[in-house]
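Let us walk through this structure one piece at a time. Keep the sequence and the model side by side as you read.

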Amino acid sequence: LPSVSLDKMLEDAENYGSRATYVFDLDETTVDSSPRRYESLLDAIDEACAHSETPHPDCEALRTIRLDDLYRLRNRYDDLTYLRDYGARDEAFIESISKRAFEIYLSGRYIVDKDRLYPGAGSFIKALKRAGARVDFVSSRSQERQGGPTFRFLQDHGLLRAGEERFLHLKPDA
């Protein structure tokens, strides 16, 4: 958003206090979760390649993946293109790596350690809260598998406090 819009949001927060409610999406809006996607891919590749006497022919190419290249994708969730770009050719193998990486990504394993706030997001959200606004977070993350780590991440970054779980809205697995 342009600076004028951000300034207006802060002004409204000051004027309306808790009647001003702001809702922030997490992944790829407020939070850069690409490092978590990358670590999940590394784990999936390691599981498929490191423990085999005769590694799959695509393993050598996949061991060279880099986080920087994930950012260059038009869609950072397109693991298949990402893996193909590194020279992997076996579609069934690529799909199995992608599927396993997505399971790891959804497990919540790396949320606290690898997710990052986008620059300025934390300070802006804290300014809204200091001005008296209510701030809620929404995501399609799993409440059961990712809820605890997501709340810890937001706490660690000073965006939520103990007792503010009601401001985090995640989808139930069911």
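Which two cysteines form a disulfide, and how far apart are their sulfur atoms? The pair is Cys49 and Cys59, with 2.0 Å between the two sulfurs. This is a predicted model. A search through the whole structure turns up one disulfide. Cys49 belongs to helix α2, which covers residues 34-49, and Cys59 to helix α3, residues 59-62, so the bond ties together parts ten residues apart in sequence. The torsion about the S-S bond is about -85°, so this disulfide is left-handed. Are its two cysteines buried or exposed? Cys49 has a relative accessible area of 1%, which makes it buried. Cys59 is also at 1% and counts as buried.

Now step back to the whole chain. Its secondary structure comes to nine helices and five strands. Along the sequence, the order is α-β-β-α-α-α-α-α-α-β-α-β-α-β. The C-alpha atoms fill a box of roughly 65 × 35 × 25 Å along the principal axes. There are 174 residues, and 43% of them are buried.

The accessible surface is about 9600 Å². Carbon and sulfur atoms hold 49% of that surface. As for charge, the chain carries 26 positive and 32 negative side chains. The centres of these two sets lie 5 Å apart.

Start the tour at helix α1, residues 3-16, where Leu6 sits. Leu6 is partly exposed, at 27% relative accessibility. Its C-alpha atom is 8.2 Å from that of Phe124, a residue 118 places away along the chain.

Next comes the loop between β1 (21-25) and β2 (31-32), which holds Glu28. Glu28 is not a glycine, yet its phi is positive, near 65°. Its relative accessibility of 24% makes Glu28 partly exposed.

Return to helix α2, the helix that holds Cys49. Is Asp43 buried or exposed? It counts as buried, at 18% relative accessibility; the cut-off for buried is under 20%. Beyond its neighbours within four places in sequence, Asp43 contacts Ile104, Arg109 and Tyr110.

Move on to helix α8, residues 121-130. Which of its residues are buried? They are Ala121, Gly122, Phe124, Ile125, Ala127 and Leu128. An α-helix has 3.6 residues a turn, so residues three or four places apart point the same way. Look for that spacing in the list: Ala121, Phe124 and Leu128 are among the buried residues. After α8 comes Gly132, with a positive phi near 105°.

Strand β4 spans residues 134-142 and includes Val135. Val135 is buried, with a relative accessible area of 2%. What does Val135 touch, apart from residues up to four places away in sequence? Its partners are Tyr22, Phe24, Ile125, Leu128, Lys129 and Phe167. Two of these, Ile125 and Leu128, are also buried residues of α8. The C-alpha atom of Val135 is 9.2 Å from that of Leu168, 33 residues away along the chain.

Finish in helix α9, residues 143-156, at Gln146. This residue is buried, with a relative accessible area of 1%. Which backbone atoms lie by the polar atoms of its side chain? The backbone oxygen of Tyr105 is 3.4 Å from a polar atom of the Gln146 side chain. The backbone nitrogen of Ser142 is 2.7 Å from a polar atom of that side chain. Leaving aside neighbours within four places in sequence, Gln146 is in contact with Arg36, Tyr105, Leu106, Ser107, Gly108, Ile111, Arg141 and Leu170.

Definitions and conventions. Residues are numbered from 1 along each chain as its sequence is written. This is a predicted model: local features need pLDDT of at least 70, side-chain atom pairs count only at pLDDT 80 or more; totals for chains, interfaces and linings use all residues. Side-chain values use heavy atoms; hydrogens and water are left out. A disulfide is a pair of cysteine sulfur atoms within 2.5 Å. Helices (H or I, at least four residues) and strands (E, at least two) are DSSP runs, numbered from the N terminus. Buried means under 20% relative accessible area, exposed over 50%, partly exposed in between (1.4 Å probe, protein chains only). Accessible areas come from the Shrake-Rupley method with a 1.4 Å probe; for residues, only the protein chains shown count as cover. Lys and Arg count as positive and Asp and Glu as negative; His and the chain ends are not counted. The place of a charge is taken as NZ of Lys, CZ of Arg, CG of Asp or CD of Glu. A polar contact is a pair of N or O atoms within 3.5 Å; within protein, one must be able to donate a hydrogen and the other to accept it, and residues adjacent in sequence count only if both atoms are side-chain atoms. Contact means heavy atoms within 4.5 Å.
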